[in-house]
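Visitor: I would like to learn how to read pockets and helix contacts in a model. Where do we start?

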Amino acid sequence: MNGLPESPHVSVNKLGRYLTATPALRKRLIESQKHPPDPQYLRYPEAAHAITDFLCRGQDEAILRQHQHRLATSVFSDDFDTQRARLCIEALEHYRKLHPRLGLQGVLATAVGEDPPALQMAGVTIRVGPQVVLQSVDRTGHNKVGVMKLYFSKHHPLDERSGQYIATLLQAFADQHLATLGPIEPRLVRLVDVFAGKEFLPPKARVRRLCDVQRACEEIAARWPMQ
């Protein structure tokens, strides 16, 4: 620790909820970003890794089954890790049933990596963190580019407004960081709520939603020192 105050930052998932939250929940969301849980207590990294592996290795369902089997047959040292494995197995089963409806046949997926760049808005760092880059070739032979982000929560499914805000920020991420790969195709920008079995694409009214995000980030930056 260097003693300097930490600059405002927020995950895109929390920001999506913040934009539709009550004042009391907004306060709690800022507190959760200032004092996040230790990464070892996150519940779904294994599920995200398994789905990324599946997407990047040809979308062979056997890959999901292998990850489920590995998690089911592993021996863990404590109850939390055992429960986390069960949740990840459940998440993978939900995704396995959802995947055929996503229409990703013929789409090439590559892993984003562990430390993707962030977005900056109104003094706030927005950690977008998509899992994969999606690419496809159109009928004229031109490359089209998008991204996919996985959302995991059994008890807080995304509503339509939150999902559209997050999808809007996913497209902003792609526009800023992936345009060198080819034109960004909004239909390849996917936010997938795994447990709810639902996907969100960027809405057409992106400018208005980005204005809402700008105002929310201004509010987060103003409240950050007080939390």
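Visitor: How much space lies in the second largest pocket?

Guide: Rolling a probe the size of a water molecule over the atoms shows where empty space is left. A pocket is an open set of points on a 1 Å grid over the protein atoms alone, where a 1.4 Å probe fits, with protein on both sides within 12 Å along at least five of seven lines. In this predicted model, local features need pLDDT of at least 70 and side-chain atom pairs pLDDT 80 or more, while totals for chains, interfaces and linings use all residues. Residues are numbered from 1 along each chain, and side-chain values use heavy atoms, without hydrogens and water. The second largest pocket holds about 170 Å³, a volume being the space filled by probe spheres set on the points, which are joined across faces, edges and corners.

Visitor: Which residues line the second largest pocket?

Guide: Lining residues have an atom within 4 Å of a point. Among them here are Gly103, Ser136, Lys144 and Arg190.

Visitor: What is the volume of the largest pocket?

Guide: The volume is about 1,900 Å³. Its lining has 42 residues, with Asn13, Leu42, Pro45, Gln131 and Lys149 nearest the centre. Helix H3 gives the most, 5 residues; helices are DSSP runs (H or I, at least four residues), numbered from the N terminus.

Visitor: At what angle do H3 and H4 cross?

Guide: Axes are lines fitted to C-alpha atoms over the stretch in contact, and angles run from 0 to 180 degrees between N-to-C directions. The axes of H3 (residues 45–56) and H4 (residues 61–73) cross at roughly 155° and come within 8 Å. That makes H3 roughly antiparallel to H4 (over 145 degrees). Contact means heavy atoms within 4.5 Å; Glu46 and Phe54 are among the H3 residues that meet H4.

How values were computed: Helix = DSSP H or I, 4+ residues; strand = E, 2+ residues; numbered from the N terminus. Parallel < 35°, antiparallel > 145°, perpendicular 65-115°, else oblique.
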